[in-house]
Amino acid sequence: MLHVRVRSPSTLGFATARIQFNRMSKTRFSVKPIQSKTEIPTSDPDPNPGSENGSAAELRVFSRRKRVKRTEEVQKLQLEAKPISQKLAVLPDIEEFAYKKVNTSTNSSKPPANWEKVLDGIRKMRSSEDAPVDSMGCEKAGSSLPPKERRFAVLVSSLLSSQTKDHVNHGAIQRLLQNGLLSADSIDKADEATIKSLIYPVGFYTRKAGNLKKVANICLTKYDGDIPSSLEELLSLPGIGPKMAHLVMNVGWNDVQGICVDTHVHRICNRLGWVSRPGKKQKTSTPEQTREALQLWLPKEEWDPINPLLVGFGQTICTPLRPRCGLCSVSEFCPSAFKEASSPSSKSKKSGSNKKL
DNA sequence: GTCCAGAGCT
DNA sequence: AGCTCCGGAC
């Protein structure tokens with residue numbers, strides 16, 4: 001057991017990489033040495049976006065496949081990300097720049113009262129609970145593989161894991177791995193029906209099997225079997241939306257460009273009153289709004305850890321339906337504590353509530 | 001039967 | 001903003 005709490009945004013070296021792999025296991029880090037010595041060189045900040053990205057990234061801006069339609073939110077996200085990735089091609093010290101760039105634009109909003117106490121309290125609750133996310137988060141995918149394959153595994157895991165219980169996703173990944181189908185090349189060659197049967201029963205497996213084939217082909221032809229290294233390029237992949245794009249940037253590239261906001265983070269931040277629509281007191285209505293609002297005040301070192309923290313909290317205590325406020329140690333700070341209906345399914349039919357309590 | 005959950009389309 | 005995709009937990 002080893003408690004590590006290190007964060008050095010400008011110098012992402014060995015230590016950070018190690019933490020990244022194990023960040024799902026709460027404060028417990030297995031002594032398992034870092035898997036591949038080639039993963040991240042000790043001296044250089046981050047080699048992966050460095051070498052081939054310079055000109056290639058620019059080219060891809062033009063060759064980028066046009067999606068039929070993107071939602072406004074995603075388009076906005078892409079615009080947001082563009083300046084950073086353009087700098088990526090030019091600046092050697094990417095991480096540091098990205099950190100400053102994002103961080104300077106954030107301090108415009110005042111943090112909510114007691115947020116540190118709340119976060120601490122949640123951390124404590126989380127360390128005694130075991131949430132599904134702890135044992136099988138998708139970051140674990142292919143952690144023993146070489147960097148490129150590992151990144152691809154992370155991407156695949158992200159694709160499959162949406163709307164799917166973690167253990168189901170884990171099983172699907174294992175089956176793909178056992179059948180040698182966890183690389184862009186092999187998936188591109190494989191039969192879609194085979195993929196489909198292997199990933200079953202992840203949610204929406206038919207669509208995901210198709211997306212997987214498309215993504216593998218894109219990775220193979222445009223990225224030499226690797227995965228895209230920028231937010232906007234990840235977003236252009238079928239089946240990859242804002243939530244997964246940020247997750248892949250965080251986990252796959254070790255590059256935190258934004259908070260990975262899923263419904264748990266979205267729900268909990270709103271319950272806590274941590275986010276609101278710009279200039280208003282209203283709750284945010286989409287995870288993307290939540291992400292933007294949260295990034296306005298949350299210190300950047302919390303951007304990465306807050307997702308697993310709140311997801312686990314949301315799976316065990318601050319559940320979508322009937323949150324267990326009685327078990328929550330920070331309910332005193334929560335404006336929504338004990339406010340939500342405890343009746344099972346009578347949200348829309350108050351009049352005919354025949355099964356109250 | 002209800003709810004979960006992210007992406008994408010309308 | 002609402003619907004669809006999915007199996008499965010409950």
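## Overall make-up

The secondary structure of chain A consists of 16 helices and zero strands; helices (H or I, at least four residues) and strands (E, at least two) are DSSP runs, numbered from the N terminus. This is a predicted model, in which local features need pLDDT of at least 70, side-chain atom pairs count only at pLDDT 80 or more, and totals for chains, interfaces and linings use all residues. Residues are numbered from 1 along each chain as its sequence is written, chains are lettered from A and ligands numbered from 1 in the order in which they are written, and side-chain values use heavy atoms, with hydrogens and water left out.

Chain A has 357 residues, and 51% of them count as buried. Buried means under 20% relative accessible area, exposed means over 50%, and partly exposed lies in between (1.4 Å probe, protein chains only). Among the contacts in chain A with a separation of 6 or more, 67% are between residues 24 or more positions apart. Contact here means heavy atoms within 4.5 Å.

## Nonpolar cores

In soluble globular proteins, nonpolar side chains tend to be buried together. A nonpolar core is a set of buried Ala, Val, Leu, Ile, Met, Phe, Trp, Tyr and Cys residues joined through side-chain atoms within 4.5 Å. The largest nonpolar core has 42 residues, and Leu155, Val156 and Leu176 touch the most other members. At least two residues of this core come from each of α7 (147–161), α8 (166–178), α9 (184–189), α10 (192–199), α11 (205–223), α12 (231–235) and α13 (242–253). Apart from this core lies another, of 29 residues, which includes Val118, Met125, Cys269 and Leu309.

Which residues does Leu155 touch, not counting residues up to four places away in sequence? They are Val215, Cys219, Ile227, Leu234, Leu237, Ile240 and Val248.

## Salt bridges

The structure holds six salt bridges. A salt bridge is a side-chain nitrogen of Lys or Arg within 4 Å of a carboxyl oxygen of Asp or Glu.

| Pair | N to O distance |
|---|---|
| Asp224 and Lys148 | 3.6 Å |
| Arg151 and Asp226 | 2.8 Å |
| Lys189 and Asp185 | 3.0 Å |

Asp224 and Lys148 meet in a salt bridge. Asp224 lies in the loop between α11 and α12 and Lys148 in helix α7, so this pair ties together parts that are 76 residues apart in sequence. Asp224 is exposed, at 56% relative accessible area, and Lys148 is partly exposed, at 29%.

Arg151 forms a salt bridge with Asp226. Because Arg151 lies in helix α7 and Asp226 in the loop between α11 and α12, the pair ties together parts that are 75 residues apart in sequence. Both Arg151 and Asp226 are buried.

Lys189 and Asp185 both lie in helix α9, four residues apart, about one turn of the helix. Lys189 counts as exposed at 64% relative accessibility, while Asp185 is partly exposed, with a relative accessible area of 37%. Elsewhere, Asp120, Arg123 and Glu302 are linked in a network of salt bridges.

## Two buried residues

Arg291 lies in helix α15 (residues 287–295) and is buried, with a relative accessible area of 2%. The side chains of Arg291 and Glu288 are joined by a polar contact of 3.1 Å. A polar contact is a pair of N or O atoms within 3.5 Å; within protein, one must be able to donate a hydrogen and the other to accept it, and residues adjacent in sequence count only if both atoms are side-chain atoms. Arg291 and Cys269 are 22 residues apart along the chain, and their C-alpha atoms are separated by 9.7 Å.

His264 belongs to helix α14 (residues 263–271). His264 is buried, with a relative accessible area of 16%. Leaving aside neighbours within four places in sequence, His264 is in contact with Leu310, Val311, Gly314 and Gln315.

## Around DNA strand C

Which residues are around DNA strand C? They are Tyr200, Pro201, Gly203, Phe204, Tyr205, Thr206 and Arg207. A residue is near a molecule or strand if one of its heavy atoms lies within 4 Å of it. The residues of this surface divide into four nonpolar, two polar and one charged; Ala, Val, Leu, Ile, Met, Phe, Trp, Tyr, Cys and Pro count as nonpolar, Asp, Glu, Lys and Arg as charged, and the others, Gly among them, as polar.

Of the atoms of DNA strand C that come within 4 Å of the protein, sugar and phosphate account for 48%. An N or O atom in the side chain of Tyr205 is 3.1 Å from a phosphate oxygen of DNA strand C. For the side chain of Thr206, an N or O atom is 3.1 Å from a phosphate oxygen of DNA strand C. A backbone N or O atom of Phe204 lies 3.5 Å from a sugar or linking oxygen of DNA strand C.
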